[in-house]
Amino acid sequence: MTTQPLPKKFGPYGGQFVPETLMPALAELEAAYLQARSDPAFQAELDNLLQTYVGRPTPLTFARRLTEKLGGAQIYLKREDLAHSGAHKINNALGQALLAKRMGKRRIIAETGAGQHGVATATACALLGLECVVYMGTVDMARQAPNVFRMRLLGTEVRGVESGSKTLKDAINEAIRDWVTNVGDTYYLLGSALGPHPYPTMVRDFQSVIGRETRQQILDAAGSLPDSIVACVGGGSNAIGIFHEFVGDEGVDLIGVEAGGEGIASGKHAARFADPQIGRPGVLHGCYTYVMQDADGQIALTHSISAGLDYAAVGPEHTHLRELERAYYTSATDEEALAAFQTLCELEGIIPALESAHAVAEAIKRAPTLPKEQILIVNLSGRGDKDLDTVISVIA
Amino acid sequence: MKPIDKITQTFEQNKPAFMPYFTLGYPDYETSLAVVQACAAAGADMMELGIPFSDPLADGPTIQHSTQVALQGGMTVERCVTAVSTLRASGITIPFLLMGYINPLLAYGLARFVQDAAQAGANGLIIPDLPPDEAGELEALCAEQGLALVYLLSPNSFEERIKMVTRRSTGFTYLVSVTGITGARTELSQALGGFIRRVRAVSQRPLAVGFGISTPQQAQAVGELADGVIIGSALVKAVDAAKDKPTAAATFVASMKK
């Protein structure tokens, strides 16, 4: 069995900036993950659930009408919106819930922004018979009410978080406080490729099934690798999940799309890489990465129409890939995401999550500039049912 | 004499050393300085001075609230350093430990911060989200300026970590009495005695215990086991409830020192 410790950092980014109480817990988690990862029985159980419960592989859909309308690269959509519970989040939630069970932890805690990770965790816990508590900012609870109801239906206790900006960042603070307090019997099921080591690596590994399937599917459909892959980046788990498989393929452009909110100039956004005055290397939630902050190092309030992208830090591996110039990061505004949302509904009959609509917005900008023989894949990370209230209030 | 020596001396002369925590800038800048002065005058042996951070994930509701109020009032790392200078100028000689999260210090610049803190009259630093594993650079800077860099241990720390943390911690080692966040608890952990014995078995250096201590009885019980007693949230609460905040702080410290 290989139990080589995993690298704690991606270049200088990542690490374990946590209270001492969590250091033994992170060591225990890493050891358990390494064991599970090299245990064929664990992989087989996860693969079986991904196939028979989640519905994997998710399809790769050729977006014919969108491609024709834009008149450039051929656009394909990786349909994570069709995964059970409505987004890619279930890939990681199931993997970690199985790991928690293997570690003998009966109580699961999680944070959620848009509610997709909360729903995925609640789903995995219902399936595996685990107790589940989800922390969610009260601002997010209001704008993603259907997901709050879903979690409760699935037997999860949703705890509203009133501190700070009452969004994802504060939900993570509260989940970490719970974990520090109940570290003996509780498993923290972190939902994105961020936080202290080993989470960024472990979450990436569980999400990299997206990229592995995509490679095979595009080879089957088009006979070649894609020229570009576009994914939205909040914490960055769907993006790293589809990028990881292609990092070694230098001909494949990897493009991450952050939340541009009301525009970079407005200062009301969540684009960590877009404005060097606000987005700078720092520490938030246990890892060293790009963090939106003021001059004094206080974490900045972020803004996005999409709760899932409304977060002040970005996964450390994205920061590293950007520094290596292996991946490129841009942003889409609320308005662009909403327009892309409608376009995808009308042209393809697919209602995307507002998060994923940011990636679609970039595809709409980019595809017309590319030759027709090129292939552009959008990771359609989730479906948009949860966002209907938000969209109705803006465009109706 | 280096700043850290003053901490060592304090532990030699005062057993147990009583160390209150207070958030700088709470409820406003001037009042926080008056509270610290009152604590010193009432017999605090050392003071832990909190640098506010927007996302204090090791803190319970009482200290979270105090740091939010301090930030709304315009508190910054720079003003915290100024506060230390001002307190020194007012004649307080007890050791000051600046307690703050790592991100504001990174934003200020670690080298600049350590230098300015030492110059202002601080004796050491406590950074709850910076375990020794990530602290190489700061450790070297503190050694250069003669500042203590105090690391924390938790009841769930296993033996290898206890050895490593006590070896690298300077000034003293900060034992967290319970796995959890800061804030008053009704009872002390039954396991505290065993935890302290496990640490004593591998280290002769001073140990101070904090988190969850709120009453004179608890302080006395901890004082019989450890070299130092740290109280934060209970002091902040006592000050909160009072109209005359410095007097309330003095009364609180005096009651704990008994």
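Trainee: How many aromatic pairs are there over all chains?
Mentor: The count comes to 13 aromatic pairs over all chains. Rings of Phe, Tyr and Trp (its six-membered ring) pair if their centres lie within 6.5 Å; planes under 30 degrees apart count as stacked, over 60 as edge-to-face and the rest as tilted. Keep in mind that this is a predicted model, where local features need pLDDT of at least 70, side-chain atom pairs count only at pLDDT 80 or more, and totals for chains, interfaces and linings use all residues. Residues are numbered from 1 along each chain as its sequence is written, chains are lettered from A and ligands numbered from 1 in the order in which they are written, and side-chain values use heavy atoms, with hydrogens and water left out.

Trainee: What kind of pair do A:Tyr33 and A:Phe206 form?
Mentor: Edge-to-face, at 5.7 Å centre to centre with 65° between the planes. A:Tyr33 lies in helix H1 and A:Phe206 in helix H9 of chain A, so the pair ties together parts 173 residues apart in sequence. Helices here are DSSP runs (H or I, at least four residues), as are strands (E, at least two), numbered from the N terminus.

Trainee: Are those two buried or exposed?
Mentor: Both A:Tyr33 and A:Phe206 are buried. Buried means under 20% relative accessible area, exposed over 50%, partly exposed in between (1.4 Å probe, protein chains only).

Trainee: Which residues form an aromatic cluster?
Mentor: A:Trp179, A:Tyr188 and A:Tyr199 form one.

Trainee: New topic. Where is A:His88?
Mentor: In the loop between strand S4 and helix H4 of chain A.

Trainee: Why does A:His88 count as buried?
Mentor: Because its relative accessibility is 6%. The A:His88 side chain also reaches the backbone nitrogen of A:Asn238 at 3.4 Å.

Trainee: How many bridges join S9 and S14?
Mentor: Three, and the two strands of chain A pair in the parallel sense. A:Ile229 has A:Ile377 in S14(A) as its bridge partner.

Key. Polar contact = N/O pair within 3.5 Å; in protein donor to acceptor, adjacent residues only side chain to side chain. Pairing = 2+ DSSP bridges.
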